[in-house]
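Please look over the sequence and the model shown below before reading on.

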Amino acid sequence: MSKILSDLNRQRLEIYLPRVSKPFLILLIIFIFLLPVITARNRYFTLVLSLIGIYVIAVGGLDIVYGFSGQVSFGHAAFYGIGAYSVAILSGLNGWSFWASLLVGVVAAAIFAIVIGWPSVKLVHHFLALVTIGVGEIVRLTFMNTTDITKGFRGIGEIPRPSIFGISLSNPVMYLYLVLIFAAVSVILKRNIGTSWWGRQFHAIRTNPTAAESFGTALIRTRTVAFALSAIFGAVAGALYASLITYVSPDTFTFAQSTLFFSMVLIGGAGTVGGSIVGVVILTIINQYGQQFEIYQGIFYGLMIIVIVVFLPRGVVGSLEDLYQDHIMTPVRRGGRGVTIVRDEKVSTVDDE
Amino acid sequence: MNINVALKLLASGLVIGSVYALIGLSYSFLYRGTGRINWAQGDFFTLGAYMSWTIIVLFDMPYFITPFCVAAILALLGLIVYSTIVNWISKRGGKLVDVILATIGLAILIENLIMVIWGTEVLSVPNPLPGILKIGPVLIPKQSMVVLGICIFTVVAFYFFLQRTSFGTAMRATADNRYAASVIGINIKLVDAVTWALSASIAGGAGVALVPLFGAHFYMGVITGLKGFAAAVVGGYGNPWGALVGGLLLGVIETFGVFVISSLWRDALTMAVLIGFLLFRTHGIFRTEAYDE
């Protein structure tokens with residue numbers, strides 16, 4: 001079956017996950033790893049860059065669920081919070097090592113996602129969105145109300161920075177490198193998940209669940225796996241966040257945070273490799289520099305989501321990829337030459353009406 | 001818990017529940033008529049509350065004309081949303097999830113506009129019906145009875161509108177099969193537009209009913225809207241009676257839950273009920289066939 005799926009999806013996957021040319025990639029990596037050196041003297045930029053790296057991990061996870069497998073999750077902040085709180089409680093309050101508590105957080109988030117996901121992925125997808133909102137709210141209230149474990153709304157402070165091979169990463173620039181390594185690994189991992197056996201199944205159940213199921217894809221299992229993968233990414237990001245800010249409180253893990261993650265996916269372009277990075281960079285910069293406009297920021301934010309959903313359904317990166325595919329790379333393939341590129345929007349789905 | 005306390009809790013639960021029921025009705029009605037979900041319904045509710053504050057306190061008008069003004073303004077807003085966002089999305093062949101996402105953007109936009117226009121503090125409206133009604137041992141503010149009355153009246157009115165008028169029949173036909181309805185000459189676009197307008201004005205009406213009791217706050221629509229949705233799902237999505245029963249049930253469960261457990265877990269309790277229903281009885285109390293896909 002994997003053979004059939006791979007043949008069916010090869011052409012589509014090439015559109016979604018193009019190979020970046022090697023010299024460009026190497027230059028990009030060198031640039032990204034030089035960036036902390038350039039900004040090292042400015043603690044604020046270092047912090048913003050670390051936040052961008054952390055969000056790239058979390059948003060990459062959400063993109064596996066939405067962009068790859070087509071399910072809507074508005075509770076991503078719950079997994080982010082589980083990762084953050086396991087580091088805060090285990091390493092901050094009980095003196096565990098960061099890596100052990102990270103592992104506990106990841107395993108807890110994955111188990112939680114499977115427990116929540118297994119029964120609820122069989123719902124029509126907008127009802128899954130509802131369950132995830134409910135789960136997110138319950139998790140936030142749990143952080144808030146179980147005062148003897150999580151210290152309630154006062155939050156947990158003085159979370160230590162991790163050390164690796166005896167090198168302490170308490171220096172912000174060193175920590176930024178750790179975050180960037182994690183982010184780079186997460187992007188590569190996400191790309192490879194997209195082209196893997198599981199990734200093809202995700203693509204299949206997104207474009208046409210009925211057809212995928214009749215080809216032998218286990219719908220519920222595949223959806224649950226996508227959900228659990230996203231939870232793992234979210235938990236890793238949350239753990240890194242707790243250690244970066246060295247303080248967690250329930251206010252961070254709200255529905256608004258989940259919406260922020262989702263907007264990042266949408267703006268960058270769901271289901272693309274670069275999309276989650278571009279979306280994160282755009283929205284983080286807007287959020288950081290928009291703070292001086294306070295309330296007007298929200299108006300801009302709402303308008304932007306509407307405009308992107310209505311006019312740029314594939315996001316910034318997705319639209320650029322379409323442009324590149326249609327007009328630069330393969331101009332002969334447009335119209336009437338026997339090969340037409342099938343776009344996502346034109347594929348019939350069982351979704352509406 | 002003695003019987004007096006239980007009756008008091010039941011009464012206040014029914015009042016909160018009737019607001020959930022009204023918002024649930026607006027969700028249900030929209031879904032029944034057009035198959036769309038408008039996530040900004042809770043913020044239409046907030047807008048209703050703020051507009052009635054503006055009409056009553058700023059313009060110094062009597063309370064009884066506010067429902068009509070607010071319903072008219074919100075119907076217009078619903079029409080605008082339908083003819084811009086929803087229309088553009090359907091034109092490019094967007095899916096239901098695109099409408100949900102766009103209306104989430106709309107919800108954020110409305111919340112922040114309210115913050116800019118009316119500020120962030122709670123605005124209160126003088127109670128149009130002061131005084132307390134005594135039913136046996138239970139004391140109920142008269143305004144609460146008005147809220148409950150408005151809710152039941154609206155649900156019954158909508159039931160008869162859908163079942164007995166020709167336009168209601170056209171709506172039900174469109175909901176069942178859009179293509180077949182268009183073949184026999186029903187103007188689907190008109191039906192859609194009217195459904196959007198009416199559903200927005202129901203949500204606004206809930207705001208008008210509630211504002212004398214709790215005042216208006218820019219964030220009140222977010223969680224109340226979600227609970228209204230939960231009410232619609234619990235009752236049976238797409239069924240007006242389902243919204244009523246689900247809303248009242250949710251309100252009562254919430255009030256008793258707050259009394260028995262703690263007010264800290266109020267929202268978590270509603271979400272748990274919602275998740276329980278979604279997982280174990282997806283079609284709600286009234287088994288609706290509205291979303292068999």
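Over all chains, a search of the whole structure turns up seven salt bridges. Keep in mind while reading that this is a predicted model.

**Charged pairs**

- Side chains of opposite charge can pair when their charged atoms come close.
- In chain A, the side chains of A:Glu137 and A:Arg140 form a salt bridge with an N to O distance of 3.0 Å, and because the two are three residues apart in helix H6 (residues 125-145) of chain A, about one helical turn separates them.
- An α-helix has 3.6 residues a turn, so residues three or four places apart point the same way.
- Both partners of this pair, A:Glu137 and A:Arg140, are buried.
- In chain B, a salt bridge of 2.8 Å (N to O) joins the side chains of B:Arg178 and B:Asp192; since B:Arg178 belongs to helix H7 (residues 178-183) of chain B and B:Asp192 to helix H8 (residues 188-214) of chain B, the pair ties together parts that are 14 residues apart in sequence.
- Another salt bridge of chain B, at 3.2 Å (N to O), brings together the side chains of B:Glu254 and B:Arg266, and it links distant parts of the chain, with B:Glu254 in helix H10 (residues 240-260) of chain B and B:Arg266 in helix H11 (residues 266-280) of chain B, twelve residues apart.
- With a relative accessibility of 4%, B:Glu254 counts as buried because the cut-off is under 20%, while B:Arg266, at 34%, is partly exposed.
- This pair is also part of one network, in which salt bridges that share partners join B:Lys227, B:Glu254, B:Arg266 and B:Asp267.

**The nonpolar core**

- The largest nonpolar core has 174 residues, and those that touch the most other members are A:Tyr66, A:Tyr80, A:Val248, B:Phe44, B:Leu106 and B:Tyr237.
- Helix H4 (residues 96-118) of chain B gives the most to this core, contributing 15 residues.
- Leaving aside residues up to four places away in sequence, A:Tyr66 touches residues of both chains, among them A:Phe262, A:Leu266, B:Val97 and B:Leu101.

**Helix H4 of chain A**

- Helix H4 (residues 76-93) of chain A has 18 residues, which at 1.5 Å a residue should span 26 Å, and its end C-alpha atoms, 25 Å apart, agree with that expectation.
- This helix, H4(A), is mostly covered, as 16 of its 18 residues are buried, and it is followed by A:Gly95, whose phi is positive, near 70°.

**A nonpolar patch on the surface**

- On the surface, A:Phe24, A:Leu25, A:Leu28, A:Ile29, A:Phe31 and A:Ile32 form a nonpolar patch with about 530 Å² of accessible area together.
- One of these residues, A:Ile29, lies in helix H2 (residues 22-39) of chain A and is partly exposed, with a relative accessible area of 45%.

**Chain A as a whole**

- Chain A contains 15 helices and four strands, and buried residues make up 54% of its 353 residues.
- Among the contacts in chain A with a separation of 6 or more, 78% are between residues 24 or more positions apart.

Key: Residues numbered from 1 in each chain as written. Chains lettered and ligands numbered in written order. Predicted model: local features only at pLDDT ≥ 70, side-chain atom pairs only at ≥ 80, totals over all residues. Heavy atoms only, no water. Expected span 1.5 Å × (residues − 1). Buried < 20%, exposed > 50% of the residue type's maximum accessible area, 1.4 Å probe, protein only. Patch = residues over 30% accessible without salt bridge, like charges linked within 9 Å, V, L, I, M, F, W, Y side chains within 5 Å. Areas by Shrake-Rupley, 256 points an atom, 1.4 Å probe, with all protein chains shown as cover. Salt bridge = Lys/Arg side-chain N within 4 Å of Asp/Glu carboxyl O. Core = buried A, V, L, I, M, F, W, Y, C linked by side-chain atoms within 4.5 Å. Contact = heavy atoms within 4.5 Å.
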